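Here are some exercises to work through with the model open beside you. Try each task before you read its solution.

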Amino acid sequence: MLPSTTDVWPAGHRAAVVLSFDVDGEYGEVNHRGPDDWYWRSNAQYDQAAGIWRILRLLDDFDVSATFCWVGKVAEERPDIVKTAHDAGHEISTHGWDHRYFSEMTIDEQRDDLVRTRTLLEQITGERPVGHKTPGWRFNEQTVPLLQELGFRWNMDYASNDIPFLMAPDQTREPIVQLPPSRLWDDYSYFVDPIAPPRHAFEMWRDDIDVLRSEGKLMCLTFHPWVTGRPAPSRALSMFLDYVISLGDVWIARADHVAQWWLDRLKSQGA
Ligand SMILES: [Zn+2]
């Protein structure tokens, strides 16, 4: 018999959706394209100047909570925005100090990067982040054991499933709940190199949630304020939220709440 994944979410819910926003500032593009590419730097500076404010208003309009994955240097420059997002009920998690790829770092550099970013975010919000998404999803086999060592609870790096799963390469420590992303649920795939009308992104995500809802699964979307915070792309997100909310039985939740739910569920099953 095929394994069933129905009845896994809180009562009354047939699927779960996590909205995650990577606050890269200009550092994602600087790291990717170099510091001299002012065309892309200025595009990405839209992040804190305008995009994140449109996103925060949109989430407030829909009364949903999201997860923000913050680059340390961006938080250092504008701690007030981190605080605003935290005070609005959103989760704050780590997304690298300056968006360098973890795959190009030694294990000690990865550890320093995680600790430095987490410490700063904790100082700003008073709450220790429990989640991490690696910049550009360029992690390596050392990243999850490090997250275990540092006491993180969830990671959104491995796109290898559409239901949470546990990873414990270090068997002596608590596992990490892996919340799988997808390149099809990343706004870069629609609005950065190719430019798609917002309806195309919405239709893809609507069809995805329809399938996942019939199977009882999880959809973790990745947005960037400088991308989806632009006027038309923001409509893709609002059309998607309109649709998901109209279904009436999809759990829109922060990543930390989904991870905790998953751990509690496994515990109650004696796993
Ligand atoms: Zn990023």
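**Exercise 1: the zinc site**

The donors of the zinc ion follow the spacing D-x70-H-x3-H along the chain. Keep in mind throughout that this is a predicted model.

*Task.* Find which protein atoms are the donors of the zinc ion, and work out what kind of arrangement the donor atoms make.

*Solution.* Start with the residues behind the spacing.

Next, look at the angles. The 4 donor atoms subtend angles of 53 to 138° around the zinc ion. To count as tetrahedral, four donors need all angles between 85 and 135 degrees. With angles of 53 to 138°, the arrangement is therefore irregular.

**Exercise 2: positive phi**

*Task.* What are the phi values of His-99 and Asp-63, and where in the chain is each found?

*Solution.* A reminder comes first: most residues other than glycine have a negative phi. His-99 is not a glycine, yet has a positive phi of about 65°. His-99 is found in the loop between β3 (91-94) and α6.

Asp-63 is not a glycine either, and its phi is positive at about 55°. The loop between α3 and β2 holds Asp-63. Exposed means over 50% relative accessible area, so Asp-63, at 69%, counts as exposed.

**Exercise 3: two helix pairs**

*Task.* At what angle do α5 and α6 cross, and at what angle do α3 and α10 pack? Classify each pair and name the residues in contact.

*Solution.* Begin with α5 (residues 79-87) and α6 (residues 107-125), whose axes come within 9 Å and cross at roughly 65°. That makes α5 roughly perpendicular to α6. The crossing is right-handed. Pro-79, Val-82, Lys-83 and His-86 of α5 meet Leu-121, Ile-124 and Thr-125 of α6.

For α3 (residues 46-62) and α10 (residues 231-247), the axes are 11 Å apart and the angle is about 20°. That makes α3 roughly parallel to α10. The crossing of α3 and α10 is right-handed. On α3 the contact residues include Ile-55, Leu-58 and Phe-62; on α10 they include Leu-237, Leu-241 and Ile-245.

**Exercise 4: a cysteine in a strand**

*Task.* Which strand holds Cys-220, and which residues does Cys-220 touch?

*Solution.* Cys-220 lies in β8 (residues 218-223). With a relative accessible area of 0%, Cys-220 is buried. Not counting residues up to four places away in sequence, Cys-220 touches Val-18, Met-156, Leu-179, Pro-180, Pro-181, Ser-182 and Trp-185. Finally, check a distance: the C-alpha atoms of Cys-220 and Asp-36 are separated by 33 Å, and these residues are 184 apart along the chain.

Definitions and conventions
Residues are numbered from 1 along each chain as its sequence is written. This is a predicted model: local features need pLDDT of at least 70, side-chain atom pairs count only at pLDDT 80 or more; totals for chains, interfaces and linings use all residues. Side-chain values use heavy atoms; hydrogens and water are left out. Donors are N, O and S atoms within 2.8 Å of the metal (3.2 Å for Na, K and Ca); water is not among the atoms, so sites may look incomplete. Four donors count as tetrahedral if all angles lie between 85 and 135 degrees; four count as square planar and six as octahedral if opposite donors are over 155 degrees apart and all others between 65 and 115; anything else is irregular. Axes are lines fitted to C-alpha atoms, for helices over the stretch in contact, and angles run from 0 to 180 degrees between N-to-C directions. Helices (H or I, at least four residues) and strands (E, at least two) are DSSP runs, numbered from the N terminus. Angles under 35 degrees count as roughly parallel, over 145 as roughly antiparallel, 65 to 115 as roughly perpendicular and the rest as oblique. A crossing is left-handed if the near helix is turned anticlockwise from the far one by less than a right angle, and right-handed if clockwise. Contact means heavy atoms within 4.5 Å. Buried means under 20% relative accessible area, exposed over 50%, partly exposed in between (1.4 Å probe, protein chains only).
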